[in-house]
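Please look over the sequence and the structure shown below before reading on. The report that comes after them is meant for someone meeting this structure for the first time.

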Amino acid sequence: MTSDTASVRVPAAPGDTIDPAGMRVIWLLLVAAFVAILNETTMAIAIPALNTSLGIPPELGQWLTSAFMLTMAVVIPTTGFLLQRFTTRQIFLAAMISFVLGTAICLVAPGFVVLLIGRIVQAAGTGIMMPLLMTTMMNVVPPHSRGRMMGRVGLVISLAPALGPTLSGVVLDHLGWRWLFGIILPIAVVALLLGAKWMTNLGETKRAPIDVLSIVLSVFAFGGVVFGLSQLGGHGGAAGGGGVPPWAVVAGGVVFLALFVWRQLVLQKLDDALLDLRVFTSRNYVISVVIMGVIALSMFGTFSLLPLYLQNVAGLEPTAAGLVLLPGSILMGLLGPVMGRIYDARGPKTLLVPGTTLITASMFMYSTVGTHTPVWLLVVVQIAMSLGLASSFTPLFSASLGSLDRSLYSHGSAVLNTLQQVGGAAGTAVLISIYSTFLHSGEARGLSTAEAGAPGTNAAFFVAACISLVPLVLAYFVQKPADQQGAPAGH
């Protein structure tokens with residue numbers, strides 16, 4: 001497979017090496033990202049146990065995951081503004097304090113409502129952290145080294161998915177769900193203290209008023225769409241218990257989204273937009289973020305549904321379910337630096353085409369699983385999917401943000417992470433709703449949980465597989481930004 005010959009032209013970042021202070025900030029942000037992702041991946045395995053412990057149905061329990069992603073989808077659009085308005089240190093400390101506070105609330109939560117509040121507070125901090133990491137990377141890493149550094153990001157943040165499910169399974173089997181937060185809390189506190197001591201400020205800030213109307217519109221836009229989607233196929237067929245049809249909630253969210261876009265188009269003429277949509281003038285950026293959003297929809301939906309299948313249909317204990325996910329996650333982390341070097345040398349299509357192919361093939365395989373599918377086959381499929389994800393993330397992050405003007409890095413990172421989280425929340429809501437519909441229908445006919453859940457698993461995974469065909473086609477059109485061509489020797 002040949003390297004990309006086409007490229008898009010953007011202004012090059014200054015400098016050929018990474019400043020030591022900038023490198024230290026990057027590693028502090030990676031530690032914080034590790035803690036946040038570890039928290040999220042431990043929760044995925046815990047949902048079935050929490051459903052049982054709290055006495056709630058699957059479609060309600062999945063909101064402990066969906067509300068987390070939805071909150072980030074609401075918070076992240078503001079980060080394009082926040083990263084320009086406040087210093088790196090201020091943003092980091094605010095994000096970590098929010099995450100620590102949310103974790104503490106979850107630890108002592110007496111029931112579902114308080115636990116959900118804690119998850120939302122956690123998500124507010126996490127939503128700020130990821131765009132901060134990506135924007136900082138783009139500002140301090142020379143263009144020719146971005147793939148390599150994004151690969152290191154992949155190494156660090158993939159360790160959390162490798163450890164999270166297994167850690168969660170062991171804790172649930174032997175200690176109980178509260179210890180999931182009891183273990184995360186001291187790690188988060190250490191990350192906060194390290195940041196308070198070592199975090200420095202990078203870049204410049206500017207004074208600008210925040211547009212409250214934009215925030216309100218974004219809440220109703222993203223909240224309405226994802227909440228409505230979560231109700232489609234759910235129990236009762238009405239959103240929020242108020243008799244409002246789910247499609248009406250989705251439609252309302254779309255209307256608010258249109259108003260949000262209109263508001264940003266007006267404000268960006270004054271350079272005051274909460275989320276500058278001029279990022280969409282780059283064709284390469286648009287293609288990359290569409291691929292990322294669709295992959296997120298399929299991936300997060302699959303990763304939320306897979307623990308339910310492994311425990312409720314395949315009959316595995318939480319520890320065993322976590323071990324099914326472990327080899328693939330470790331492989332994804334170890335391959336991060338390799339993928340980064342391949343991207344720097346060969347371009348995005350060399351990685352994206354086989355990567356998206358593996359993702360699609362894995363999901364179609366998952367759509368055929370049943371009550372007696374061998375565990376070894378599940379492990380193999382998960383390894384294939386992890387390899388596909390490892391081949392996709394590094395080129396998508398590098399090519400998308402690298403296609404923008406430097407002044408738009410923070411807004412580009414905000415849009416990228418927003419679409420990723422909205423896609424993930426929608427994917428989780430839709431797939432769990434499909435699964436729950438089949439489950440409730442089957443149990444009403446007298447079938448066991450495993451017998452009722454198997455067809456729901458197949459249907460949900462098949463939907464995810466069909467959706468994943470979109471990135472498979474678009475992968476052929478992603479180009480490498482011109483300023484990332486020709487990495488010097490030794491990089």
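What follows is a short report on the chain as a whole, and then on some of its residues.

## Confidence and overall make-up

The structure is a predicted model, and the mean pLDDT of the protein chain is 81, with 88% of its residues reaching 70 or more. Where pLDDT is low, the predicted coordinates should not be read in detail.

The secondary structure of the protein chain consists of 17 helices and 2 strands. Of the 491 residues in the protein chain, 60% are buried, and among the contacts that join residues at least 6 apart in sequence, 85% link residues at least 24 apart. The accessible surface of the protein chain amounts to about 18,100 Å², and carbon and sulfur atoms account for 71% of that surface.

## Salt bridges and cysteines

| Side chains in the salt bridge | N to O distance |
|---|---|
| Asp211 and Arg263 | 2.8 Å |
| Arg278 and Asp276 | 2.5 Å |

In the salt bridge between Asp211 and Arg263, Asp211 belongs to the loop between α7 (178-198) and α8, while Arg263 belongs to helix α9 (residues 246-268), so the pair ties together parts that are 52 residues apart in sequence. Both Asp211 and Arg263 are buried. In the pair formed by Arg278 and Asp276, Arg278 is partly exposed at 33% relative accessibility, whereas Asp276 is buried at 4%.

A search of the whole structure for disulfides finds 0. As for two of the cysteines, Cys106 counts as buried, because its relative accessibility is 0%, while Cys466 has a relative accessibility of 32% and therefore counts as partly exposed.

Ile210, Val212, Leu213, Val216, Val219 and Phe220 make a nonpolar surface patch of about 490 Å². One of these residues, Leu213, is part of helix α8, which covers residues 212-231, and Leu213 has a relative accessible area of 41%, so it is classed as partly exposed.

## Two further places in the chain

Is Thr418 buried or exposed? Thr418, which is found in helix α15 (residues 409-444), has a relative accessible area of 3% and is buried, because a residue counts as buried when this value is under 20%. When its neighbours within four places in sequence are left aside, Thr418 is in contact with Ala73, Ile76, Pro77 and Phe222.

Gly176, by contrast, is placed in the loop between α6 (146-174) and α7, and at 25% relative accessibility Gly176 counts as partly exposed. Although Gly176 and Ala49 are 127 residues apart along the chain, their C-alpha atoms are separated by 9.0 Å.

Note on methods: Residues numbered from 1 in each chain as written. Predicted model: local features only at pLDDT ≥ 70, side-chain atom pairs only at ≥ 80, totals over all residues. Heavy atoms only, no water. Helix = DSSP H or I, 4+ residues; strand = E, 2+ residues; numbered from the N terminus. Buried < 20%, exposed > 50% of the residue type's maximum accessible area, 1.4 Å probe, protein only. Contact = heavy atoms within 4.5 Å. pLDDT = per-residue confidence, 0-100. Disulfide = S-S within 2.5 Å. Areas by Shrake-Rupley, 256 points an atom, 1.4 Å probe, with all protein chains shown as cover. Patch = residues over 30% accessible without salt bridge, like charges linked within 9 Å, V, L, I, M, F, W, Y side chains within 5 Å. Salt bridge = Lys/Arg side-chain N within 4 Å of Asp/Glu carboxyl O.
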